[in-house]
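Before turning to the details, please look over the sequence and the model shown here. The paragraphs that follow go from the overall fold to single residues.

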Amino acid sequence: MNYITHSPEETEALGAQFARSLHPGDVIAFSGDLGAGKTAFTRGVLHGLGYTGRVTSPTFAIANEYDTPAGRVVHFDLYRILDSNALFEIGFDEYLNGSCIVLIEWSENAAGLLPEQYTTVHIAYGAAENDRTLTIQEVHP
């Protein structure tokens, strides 16, 4: 599915709407340019799952965990991860056990480690300054 948003708030609202379809075990792989809105969409997902606290990008922490009424959510930012060995060192694979919702920014840095089934969210800059084009699709074996 393709969507166009016209502000960070609309991107968050789309994330909140998308969150209604999520369950523990779901893996969401984000891609897109730096600053395109991956964290804004993620913030919307978390708020859509009932989380009321502050949501920030885990660029330096690599992962943030959130407890929501819908279950535990782990938000990864793999921008600084350069190889799969680093992912194993932080226990990335252990989060893919089906017990939580996993949101992965810069998912291309986890290529080959994602489960057989997951959902991709690609966010790109649009025509106007605050426009974003979002493409959401499921990946199946």
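Read from one end of the sequence to the other, the protein chain follows the pattern β-α-β-α-β-β-α-β-β-β, which amounts to three helices and seven strands. Helices (H or I, at least four residues) and strands (E, at least two) are DSSP runs, and they are numbered from the N terminus. This is a predicted model, in which local features need pLDDT of at least 70 and side-chain atom pairs count only at pLDDT 80 or more, whereas totals for chains, interfaces and linings use all residues. Residues are numbered from 1 along each chain as its sequence is written, and side-chain values use heavy atoms, with hydrogens and water left out.

The overall dimensions come next. Along its principal axes the C-alpha trace of the protein chain spans about 40 × 30 × 30 Å. The radius of gyration is taken over C-alpha atoms, and the globule rule is 2.2 Å times the number of residues to the power 0.38. For 141 residues a compact globule would have a value near 14 Å, and the protein chain, with 14 Å, agrees with this. The accessible surface comes to about 7300 Å², of which 49% belongs to carbon and sulfur atoms; such areas come from the Shrake-Rupley method with a 1.4 Å probe, and for residues only the protein chains shown count as cover.

Of the 141 residues in the protein chain, 42% are buried, where buried means under 20% relative accessible area, exposed over 50%, and partly exposed in between (1.4 Å probe, protein chains only). Contact means heavy atoms within 4.5 Å, and among the contacts with a separation of 6 or more, 57% are between residues 24 or more positions apart. The protein chain carries 7 positive and 18 negative side chains, and the centres of the two sets lie 7 Å apart. In this count Lys and Arg are positive and Asp and Glu negative, while His and the chain ends are not counted; the place of a charge is taken as NZ of Lys, CZ of Arg, CG of Asp or CD of Glu.

After α2 comes G50, whose phi is positive, near 100°.

The aromatic rings form another set of links. Rings of Phe, Tyr and Trp (its six-membered ring) pair if their centres lie within 6.5 Å; planes under 30 degrees apart count as stacked, over 60 as edge-to-face and the rest as tilted. By this rule the count comes to six aromatic pairs. The ring centres of F18 and F41 lie 5.6 Å apart and their planes are at 45°, so this pair is tilted. The pair links distant parts of the chain, with F18 in helix α1 (residues 8-19) and F41 in helix α2, 23 residues apart, and both F18 and F41 are buried. Y51 and Y66 form an edge-to-face pair, 4.9 Å centre to centre with 70° between the planes. Because Y51 lies in the loop between α2 and β3 (63-68) and Y66 in strand β3, this pair ties together parts that are 15 residues apart in sequence. Y66 counts as buried, at 5% relative accessibility. Ring pairs also link F18, F30 and F41 into a cluster.

Most residues other than glycine have a negative phi. W106, although not a glycine, has a positive phi of about 60°, and at 13% relative accessibility W106 counts as buried.

T133 lies in strand β7 (residues 132-139) and has a relative accessible area of 31%. Its C-alpha atom is separated by 5.7 Å from that of I123, 10 residues apart along the chain, and, leaving aside neighbours within four places in sequence, T133 is in contact with Y3, I4, H122, I123, A124 and G126. S99, in the loop between α3 (84-89) and β5, is partly exposed at 48%, and the C-alpha atoms of S99 and V73, 26 residues apart along the chain, are separated by 9.2 Å.
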